[in-house]
Amino acid sequence: MNQRRYIQSVQRAMLLLEALVSHKEGLRLSELSEQLSLNKTTLHGLLATLSSLGYVSRRGQCYVPGLRLWNIARPLTETEQQLRERFTPALRRMSALSGETCWLAVPCGTREYLYIEAIESGNSLRVVSPRGKREGLATSAIGRLFLAYHEDLTKTLRKEGLITDCMNDELIQIAECGYALDIEKAEEGLNCLALPLRLDGYVVAALGISGPSYRLHPDYLRRLAVRAMRELFDIIKL
């Protein structure tokens with residue numbers, strides 16, 4: 001998608017809905033204006049339109065999500081639950097193999113991915129579960145894994161100059177070897193591994209693990225990736 005063809009009012013409306021959903025108690029107009037950096041006139045127009053459609057309701061001086069959102073979210077919630085049920089066994093087995101926190105992530109738009117599940121390790125020094133958090137596609141092993149297997153995502157970021165020659169070579173390597181590594185790129189002292197999860201031959205999610213670099217050496221992560229692809233073949237290669 002060409003960013004120059006994005007419709008600003010649609011972007012603002014979706015950011016507005018996200019803000020309301022993240023504050024169950026509701027938000028005042030002034031709070032929305034400050035949080036979204038939008039003037040009150042613009043917000044009034046957005047809120048009036050969304051209210052007329054049932055996506056926003058008013059509770060006293062606060063605005064809250066409207067019940068019509070449920071009609072849209074329900075199929076997505078069911079899909080997310082299906083992915084959890086399908087791939088949580090892989091997370092559990094990977095956590096047992098590695099002794100590290102493992103999580104399940106899915107693509108979220110053309111720039112980000114979303115963590116939807118996590119199995120936390122018993123290590124005293126562990127990565128805090130990022131469940132529900134979004135990250136940029138070009139910033140981690142999981143993100144680059146999605147880019148390696150989703151040409152449409154890569155095209156979008158390449159048109160915007162966000163895919164360097166070096167990253168492009170890395171994406172080719174990821175597709176060839178079947179996993180992605182992040183050796184202290186996203187964060188100093190943190191190493192990560194990501195494996196693709198497939199349904200009907202398509203990569204629909206990623207299994208990721210990360211931990212302190214002194215514990216997860218690159219050679220160890222490579223051996224772990226090969227072992228996981230062998231022992232979890234029945235789950236991750238469908």
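Of the 238 residues in the protein, 43% are buried, where buried means under 20% relative accessible area, exposed over 50% and partly exposed in between (1.4 Å probe, protein chains only). This is a predicted model, so local features need pLDDT of at least 70 and side-chain atom pairs count only at pLDDT 80 or more, while totals for chains, interfaces and linings use all residues. Residues are numbered from 1 along each chain as its sequence is written, and side-chain values use heavy atoms, with hydrogens and water left out.

Let's begin with the overall build. The protein holds 9 helices and 8 strands, taken as DSSP runs numbered from the N terminus (helices H or I, at least four residues; strands E, at least two). Its C-alpha trace spans about 55 × 40 × 35 Å along the principal axes. Of the contacts (heavy atoms within 4.5 Å) between residues at least 6 apart in sequence, 57% join residues at least 24 apart.

| Residue | Relative accessible area | Class |
|---|---|---|
| Val 10 | 45% | partly exposed |
| Thr 154 | 6% | buried |

Val 10 sits in helix H1 (residues 8–21). Thr 154 belongs to helix H6 (residues 151–159). Setting aside neighbours within four places in sequence, Thr 154 touches Leu 147, Ile 163 and Leu 171.

And the charges? The mean positions of the 31 positive and 27 negative charges lie 5 Å apart. Here Lys and Arg count as positive and Asp and Glu as negative, without His and the chain ends, and each charge is placed at NZ of Lys, CZ of Arg, CG of Asp or CD of Glu.
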